[in-house]
Amino acid sequence: MKKQKKIEWLAYAYATKAKIYLKDNKFEWALYWYRQSEMLHEKIQDDRGEIEMLNGMSQAYLGLGNDAMSETYALNAYAISHRIKDMEGSKQCAKTLYQVNKNKEDYTEALKYHEIYQSLSDTLYRNENKKSLTMLKTKMEHEKQKVDLIKENTKQLDTQRAYVNVALGILLIFIIVTLLVFRSEKVQKNLNSELQKKQEDLKLNELELHEINRTKDKLFSIIGHDLRGPIAAFQGLLKLFKDGEIEQNEFMGFMPKLSNDIDHISFTLNNLLTWGQTQMNGAVTKAEVVALETVVKENIDLLSEVAKNKSIRLINHLEAKTLTWSDTNQIDIVIRNLISNAVKFTPENGMVTITAIEKKDQWQVSIRDTGIGMNQDTIDKIFSDNSTLTTYGTNNEKGTGLGLSLCKEMIEKNNGKIWVESLLRKGSTFHFILPKAKDKYQRTA
């Protein structure tokens, strides 16, 4: 039994090491460690681990340009995930098979797997969304119950007060005026104190309900403004293609526009979900050693296509070992929003530069663009929690009005600070500081 556990652990360790090399695009090393894991998987029963391993090998072969082997491993992984009904595994395999068939120029198969990937993504998202809506509904029902309870308590207090008055009348008949007055004043004082406390609780609950409604209104306003339009356009185009009103060549001509719209929808949804989680006190900051140079590089890779379409150069001056003590996911969101904004508000043939300055206990990161800049009135509003400021980029790119307030909240949760320097028609520079990783963690990294 112990030997079996050891083999399972070793297979997982090899696969994890391979995933690290795969993430750094060191495909041959990744393939080497995946093969070690593959040999061990022959001795164990771990379908989900095998799915991840086979799909990883497929991606490594894809990176090496061996599409045939990539397709073989991806199909094996897809078959296992389909058999055990692993939707997440099927989604990742479908994505890989889409890339393989696209490279082979087999657009029919590529479209099939893209539709499978999109369908599984939508299903997984709906499942998560249902959970979130259920939590919100439960919370609102709980608040309503609290309000009803307060009303019931107030009613009971009124009844008690009536009983006290009746008792006073009866006791007055027996001429115990002094004692009754004393006791009445004491009881009245306690009742007033309780009543005052209940009234204060009621006001707090009313404020909480008002904030929940404000959050809901803002959320649906953004969804209606920034998501409904691109999705409706996408549906309309698909209907035209399905009804045969446009040819395939014409449909493919819309692909760059559809890609940009889908990227915008994905980026907006990511911000909305993160913001919604923070509004419902669901975001937990988990500090760890974060290599900023890696996070910046990944986001430059992610946004390089958007920048390329505007002929904008993305320059990363961060050196190795730019280590901070912060939450990886939250800092990733901050950097992605800031670089995305820089590209959005920079005209064609511009430049976005990312630098870092090491201070005593902090790193100061600066993202500078050669864009249109801002006046002081805009600068005063962009980080406001209550601001819904939504502007359009130099090529009419849309925004959510959430990005910068979300960045401010994330940076402050990580014991940092964020600010901006800007001049109209000269560009803007966004700065933020974060605590440096402690020495013992730096040595480990």
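**Close-up views of a predicted model**

**View A. Helix α3 and helix α4 approach within 8 Å.** The axes of helix α3 (residues 47-63) and α4 cross at roughly 160°; axes are lines fitted to C-alpha atoms, for helices over the stretch in contact, and angles run from 0 to 180 degrees between N-to-C directions. Helices (H or I, at least four residues) and strands (E, at least two) are DSSP runs, numbered from the N terminus. The crossing angle therefore makes α3 roughly antiparallel to α4, where under 35 degrees counts as roughly parallel, over 145 as roughly antiparallel, 65 to 115 as roughly perpendicular and the rest as oblique. This is a predicted model, in which local features need pLDDT of at least 70 and side-chain atom pairs count only at pLDDT 80 or more, while totals for chains, interfaces and linings use all residues. Residues are numbered from 1 along each chain as its sequence is written, and side-chain values use heavy atoms, with hydrogens and water left out.

**View B. Residues of α3 meet residues of α4.** On the α3 side, the contact (heavy atoms within 4.5 Å) includes Ile 51, Leu 54, Met 57 and Tyr 61. Among the α4 residues that they meet are Tyr 73, Ala 74, Ala 77 and Ile 80. By class, the residues of this contact divide into 10 nonpolar, 5 polar and 4 charged; Ala, Val, Leu, Ile, Met, Phe, Trp, Tyr, Cys and Pro count as nonpolar, Asp, Glu, Lys and Arg as charged, and the others, Gly among them, as polar.

**View C. Helix α4 also packs against helix α5.** The axes of α4 (residues 67-83) and α5 (residues 87-103) come within 9 Å and cross at roughly 155°. That angle makes α4 roughly antiparallel to α5. Contributors from α4 include Ser 70, Ala 74, Leu 75 and Tyr 78, while those from α5 include Cys 93, Ala 94, Leu 97 and Val 100. This contact has 8 nonpolar, 8 polar and 2 charged residues.

**View D. The largest nonpolar core has 36 residues.** A nonpolar core is a set of buried Ala, Val, Leu, Ile, Met, Phe, Trp, Tyr and Cys residues joined through side-chain atoms within 4.5 Å; buried means under 20% relative accessible area, exposed over 50% and partly exposed in between (1.4 Å probe, protein chains only). Those with the most contacts inside the core are Ile 335, Leu 338, Ile 339, Val 352, Ile 354, Phe 430 and Phe 432. Elements giving two or more residues include α10 (292-309), β4 (351-358) and β7 (427-435), and the largest share, 8 residues, comes from α11. Beyond its neighbours within four places in sequence, Ile 354 contacts residues including Val 296, Ile 300, Ile 339 and Val 365. A second, separate core of 23 residues includes Tyr 34, Met 57, Tyr 73 and Ala 74.

**View E. Asn 25 and Ser 311 have positive phi values.** Asn 25, in the loop between α1 (2-23) and α2 (27-41), has a phi near 60°. Its relative accessibility is 48%, so Asn 25 counts as partly exposed. Ser 311, in the loop between α10 and β2 (313-316), has a phi of about 55° although it is not a glycine. Ser 311 counts as partly exposed because its relative accessibility is 40%.
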